[in-house]
Structure formats: structure tokens, C-alpha cells
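Subject: Handing over a structure, with notes on what was found

Dear colleague,

Please find the structure below, and keep it open beside this message while you read. The notes that follow are meant to be taken slowly, one part at a time.

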Amino acid sequence: MLLGSYGEQNQTLDAFRQRVETIFQLQNSMTSAVMLSEPSKTILDAEQNMQRACEPLNEYAVRESDGLSVDFALQKRVEQTAIGCEKAAQNLQLLLPK
């Protein structure tokens, strides 16, 4: 990775933060959509997969929301898993009724 670049797409810090916020919002909207639907086993499996993929991002968000420090290891995990989280959320989105 180049110095000063973040995530799998080597973005600036600001661009990466914006991308992560968008991913977090997508993931939250998918969780809400599942809760409001009558999900099939396939949808529930996809939602569980998304939750696993998004765990570092959710942990980061909770720590920030609670005013707790976020260590470098967690920051790196978010950086390394953000795209996988996004893909898992998009896969779930495809399964949900329109």
C-alpha cells in the first residue's frame, strides 16, 4: 500500500471515510429491511454473512459512538474488510423484495 492511501482502492483518507460511511449506511438499511420483511432462510443466511463481514465496521462505529478510543488494529481491520462488507450488503440487497 502506498503511504497516505487507504482501503483496497488506495483512496485518500477523506474519500475512504466517506466510502466507509456509505457502506455503514447500506449495511444498516439492509438490516432494517430484513427486520421489516418475512425473510427466507436464504435471506437470513445472507444477512448473517453480512453481519460477519461488517463486524469490524460495526465495532468501530459503536466505539466511536460511545466515545471510546479506536486502536490501530481495529482501524486496519475496517480498512481491510470494508469492501467485503459492502459486497455482502449488496448481495443481501439483491435477495430482498423490491
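**What was found**

The mean pLDDT of the protein is 90, and 89% of its residues reach 70 or more. Please keep in mind that this is a predicted model. Among the elements of the protein, helix H1 has the lowest mean pLDDT, at 92, while H2 has the highest, at 98.

**The overall layout**

The protein has 98 residues, of which 32% are buried. If you take the contacts between residues at least 6 apart in sequence, 63% of them join residues that are at least 24 apart.

**H1 with H2**

How are H1 and H2 oriented relative to each other? Helix H1 covers residues 13-36 and helix H2 residues 41-53, and the two pack at an angle of about 150°, with their axes 11 Å apart. Angles over 145 degrees count as roughly antiparallel, and H1 and H2 are therefore roughly antiparallel to each other. H1 passes H2 in a left-handed crossing. On the H1 side the contact is made by Gln27, Met30, Thr31 and Val34, and on the H2 side by Ile43, Leu44, Glu47, Met50 and Gln51. When the residues of this contact are sorted by kind, 5 are nonpolar, 3 are polar and 1 is charged.

**H1 with H4**

Helix H4, which covers residues 72-95, packs with H1 at an angle of about 35°, and the axes of the two helices lie 9 Å apart. The crossing of H1 and H4 is left-handed. From H1, the residues that take part are Phe16, Arg19, Val20, Ile23, Leu26, Gln27, Met30 and Val34, and they meet Val78, Glu79, Ala82, Ile83, Cys85, Glu86, Ala89, Gln90, Leu92 and Gln93 in H4. The residues of this contact divide into 12 nonpolar, 3 polar and 3 charged.

Asn28, which lies in helix H1, is 61 residues away from Ala89 in sequence, yet their C-alpha atoms are 8.9 Å apart.

Is Asn58 buried or exposed? Asn58 is found in helix H3, which covers residues 55-65, and because its relative accessible area is 18%, Asn58 is buried, the cut-off for buried being under 20%. Not counting residues up to four places away in sequence, Asn58 touches Phe24, Gln27 and Gln51.

Asn28, the residue of H1 mentioned above, has a relative accessible area of 32% and is therefore partly exposed.

Gln93 has its place in helix H4, and with 37% relative accessibility Gln93 also counts as partly exposed. Once its neighbours within four places in sequence are left aside, Gln93 is in contact with Leu26, Met30 and Lys98.

With best wishes

How values were computed
Residues numbered from 1 in each chain as written. Predicted model: local features only at pLDDT ≥ 70, side-chain atom pairs only at ≥ 80, totals over all residues. Heavy atoms only, no water. Axes fitted to C-alpha atoms, helices over the stretch in contact; angles between N-to-C directions. Helix = DSSP H or I, 4+ residues; strand = E, 2+ residues; numbered from the N terminus. Parallel < 35°, antiparallel > 145°, perpendicular 65-115°, else oblique. Left-handed = near helix turned anticlockwise from the far one by under 90°. Contact = heavy atoms within 4.5 Å. Nonpolar A, V, L, I, M, F, W, Y, C, P; charged D, E, K, R; others polar. pLDDT = per-residue confidence, 0-100. Buried < 20%, exposed > 50% of the residue type's maximum accessible area, 1.4 Å probe, protein only.
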